[in-house]
Structure formats: structure tokens, C-alpha cells
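Please look through the sequence and the model, then go on to the points below.

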Amino acid sequence: MKRDSFLYNAIIKPKSQSMRVLLIDKYHRQYAGPQRLYFDTAKLLRAQGHEVAFFAMAHPKNEPTEWSKYFVEQVDYEEANQLSFWQQLKIARNIIWNPEAKRNLEALIDEFKPDVAHLFVTYHQLSPSIIWALEDKKVPIVMTLCDYKLASPNYSLFVRGKIWEHGSGWRCLADRCVKDSFLKSLICALEKLLHDLLGTYGRVDAYIGLSQFLIDTYQRLGFPYHIRLLPQPLVPLPDLTRPLPQKTGKNFLYFGRLSAEKGIATLIRAFAELRDGETLSIVGFGPEEEGLKKLTIELHLTDKVKFLGPVYGDDLQKILLPARAVVVPSEWYENTPYALLETLASGTPVIAARVGSLPERVQDGYNGFLFTPGDAHDLAEKIRQLDTVSLQTLQEHARNSVLTLDQRTYLDALLKLYSSLIQANKLT
């Protein structure tokens with residue numbers, strides 16, 4: 001059996017009694033990694049015969065669902081400065097406690113009657129009020145932690161170009177930890193202070209972490225609740241019968257968001273040190289795009305570094321498969337991004353910064369190389385090091401290193417957790 005047909009061939013008949021599962025995320029569209037996991041979880045549950053409902057924020061690009069009638073009003077916090085004072089005050093209130101989200105969710109629960117709810121990214125548009133709605137309706141709650149928001153007012157732990165590992169709301173306010181804004185930092189600090197006092201997150205029955213690094217970081221920041229390790233599945237897994245892609249040139253690839261925490265400036269500076277015909281393709285878009293293009297001009301690299309804009313699907317594969325390696329130069333605490341997993345699954349080595357959860361997936365000299373984050377010279381050395389090893393061996397190891405991320409392991413663990421919480425809920 002081919003592994004990429006696993007979902008449809010191995011999960012046909014329900015293995016347990018059908019459950020009604022409510023999945024909650026602020027986005028009901030493909031926006032980033034957490035939303036991919038949200039939709040993949042729904043797909044796997046439905047393939048096993050379970051009923052799924054959704055709760056999210058309204059948006060014209062949302063995936064269609066009958067449950068959209070309960071979705072909360074669309075909010076774009078990037079455009080909040082253009083609103084009136086009273087509108088901004090309402091937004092600030094809703095970040096801390098959104099009464100519409102609580103009211104709408106309670107109505108959805110009354111109709112769907114879920115056995116369990118599974119939360120992903122719910123701040124700031126939905127707010128912690130939804131946890132109280134679920135508890136009031138006696139619905140067991142599972143939450144997958146996709147970033148560091150529940151432990152810190154700054155969800156990325158990255159402030160003005162540096163790691164900022166603090167959980168204190170007061171420290172956040174002093175450091176303007178949210179987008180260098182006193183007001184935004186104040187709102188997020190108050191949000192954390194209030195819900196710490198209320199014990200809101202103690203009302204979640206089970207937490208899931210996607211990486212051990214994330215779990216360890218939460219513990220260092222004083223998060224008092226147990227977190228289970230359950231990495232996201234890779235759908236589909238690589239087909240081991242497919243030949244490894246040919247890597248004949250010296251083109252390297254970065255794909256992802258063009259933002260400061262991704263370390264792309266370090267990557268461009270590393271290419272200024274390379275003299276053996278190496279080229280770089282940068283795929284994606286984001287707030288740092290113009291600054292990165294300017295840096296490329298300043299370093300006289302316009303013939304070596306090309307910006308290709310956003311590229312997806314089969315078009316991205318056409319760039320990825322021939323690439324000698326993909327570089328993940330992040331400078332913040334990455335939490336197993338799908339770009340990393342898909343690169344390894346394609347049989348392409350990864351050169352990654354030694355930061356966050358990346359070393360859990362990239363083993364130095366085995367399926368790629370690790371370098372010191374922010375160190376362009378060290379990154380250039382690791383790019384050169386590719387010429388000293390067997391590229392085919394790296395490729396084989398890259399593809400094999402993601403085979404543990406299969407759908408059955410993820411789904412079995414999830415259903416076992418759901419069942420235990422449902423059973424415990426019946427006994428109370």
C-alpha cells in the first residue's frame with residue numbers, strides 16, 4: 001500500500017463509537033500551520049466516521065460550513081488604528097472577553113451537542129470567554145498549543161529582533177512586548193493578568209504540545225498545567241517507492257513568510273560570502289520584503305538572489321524538488337513548521353538554525369545541518385559543507401525522518417484522549 005493513500009485505505013471503518021467533535025480556531029480558512037492542522041484533524045475524524053462542527057471568525061474567504069451562522073464578527077486588528085475611539089475600545093474589550101463569541105458558541109453547542117471540543121488558535125478574535133462557554137455547557141476541552149500565548153503576553157517570544165522569554169504582564173508592559181506598542185502591550189498584559197486570576201486556562205481538560213521544546217518552554221515560563229506531546233501528522237506521508245529528486249544544481253530555497261523573526265536577512269548575508277556559483281530563490285511575501293530586496297541590492301547579490309513572490313502547490317514543488325537544500329534561518333522559537341516537514345518529506349536536506357524545535361527534526365549531518373541563529377558566517381560554512389557529504393544519503397535520511405508523523409498514530413492518540421475525557425465527564 002502506498003503511504004499517501006493511508007487516509008483513505010486504512011481509516012475506513014470506525015474503530016470506536018462515533019463522537020461529535022467541535023473544532024475551534026479563529027480562522028476557518030487555510031491561513032497558516034495551525035489552520036492546516038485544524039482542517040487535517042477534521043478530515044481524519046470524518047474519515048473515521050465521527051461528526052465534526054466548527055466555530056471560528058466570519059470571513060469572506062472561509063471554507064463553506066453549515067456552522068458559519070454561529071461565527072463571530074470579522075475583526076482585523078492590523079486596521080484597528082483606522083477605527084473610531086469607541087470601536088477601538090470595543091476591540092480591546094473583546095480581546096479580553098468577547099461576549100458575542102461566548103453567546104454564539106453557547107447557541108452552537110445547544111444545536112450540535114458536542115461530546116468534546118478541541119481548540120487550536122483562539123485569541124484574540126474569539127477570546128478566552130469561549131472556554132467559559134464550554135465549561136458552562138459541560139463540554140470537555142482539549143487545546144493544542146501552537147505557540148506561546150498561554151504562557152506569555154507575546155505569543156512568539158520575539159521582541160524587536162531578539163528572543164524575549166518572559167511570562168509577566170508587567171514585564172511585557174515595561175518592554176512594550178506587543179508590536180512595540182504601549183497600548184497593545186497593556187491590553188495583552190491585562191488579558192493575561194485577568195485570566196490568570198480567574199483560572200481560565202485551568203478549565204481546559206487536556207493540553208497538547210506539538211514539540212518537546214514548546215512543552216519545556218511553557219514549563220520554564222511557569223505554566224502550571226500538564227501538556228501531552230503529540231506532533232502534528234503529515235498528510236500525506238512520503239511515498240518510499242518514489243525515486244528521490246535529482247539535485248544537480250546549486251540553487252537553494254527559502255519559502256515562508258518574509259518577516260523579521262524568520263532570519264532571511266542572515267540568509268542573504270550568508271550568500272554574500274559564497275563564491276562557488278550558489279544561488280538562492282526566496283518564495284513568499286511579508287512585511288520585510290522591500291527591506292530584504294534593498295539589502296540584496298546593497299550587497300550586489302541581485303544576480304544570485306531572486307524573489308519569486310508567493311508560490312503554492314505544484315508550482316512550489318517544481319522549485320523545491322530540484323533545490324540542493326532548503327534553508328530555515330529562523331531566529332525565533334519555531335514550533336515544527338509544516339515547511340520543514342514537507343521539505344524533509346520531499347527528500348530534500350534542510351539547513352536550519354539551531355533554535356526552537358528545529359533541532360528535534362533536523363539532525364546535524366544526518367538529514368541536514370544546523371547553524372547558530374543569526375550567524376551568517378556559520379550558515380555559509382554549513383552550505384559549503386554540503387559539498388563534503390553524500391547528498392543522496394542526506395536525502396534518504398530526510399525522507400525517512402518524518403515517517404513517524406503518520407495519521408494513525410495521531411488519530412489513535414487523539415481519540416483515546418477524547419474518549420477518556422468524555423468518560424470522565426459522564427462520571428461527574
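The model is a predicted one. The points below take up the cysteines, then helix 2.

Disulfide
- The count of disulfides in the model is 1.
- Cys172 and Cys177 form the link, with their sulfur atoms 2.0 Å apart.
- The angle about the S-S bond is -70°, and the link of Cys172 and Cys177 is left-handed.
- Cys172 and Cys177 are both buried.
- Cys146 takes part in no disulfide, and the nearest cysteine sulfur, in Cys188, lies 17 Å away from it.

Cys188
- The closest cysteine sulfur to that of Cys188 belongs to Cys172, and at 6.4 Å it is too far for a bond, because a disulfide needs the two sulfur atoms within 2.5 Å.
- Cys188 has 4% relative accessibility and therefore counts as buried.

Helix 2
- Helix 2 covers residues 33-47, which is 15 residues.
- At 1.5 Å a residue the helix should span 21 Å, and the end C-alpha atoms of helix 2 are 21 Å apart, so the two values agree.
- The buried residues of helix 2 include the run Gln35, Arg36, Leu37, Tyr38, Phe39, Asp40, Thr41 and Ala42.
- Leu44 and Leu45, also in helix 2, are buried as well.

Terms used. Residues are numbered from 1 along each chain as its sequence is written. This is a predicted model: local features need pLDDT of at least 70, side-chain atom pairs count only at pLDDT 80 or more; totals for chains, interfaces and linings use all residues. Side-chain values use heavy atoms; hydrogens and water are left out. Helices (H or I, at least four residues) and strands (E, at least two) are DSSP runs, numbered from the N terminus. The expected span of a helix is 1.5 Å times one less than its number of residues. Buried means under 20% relative accessible area, exposed over 50%, partly exposed in between (1.4 Å probe, protein chains only).
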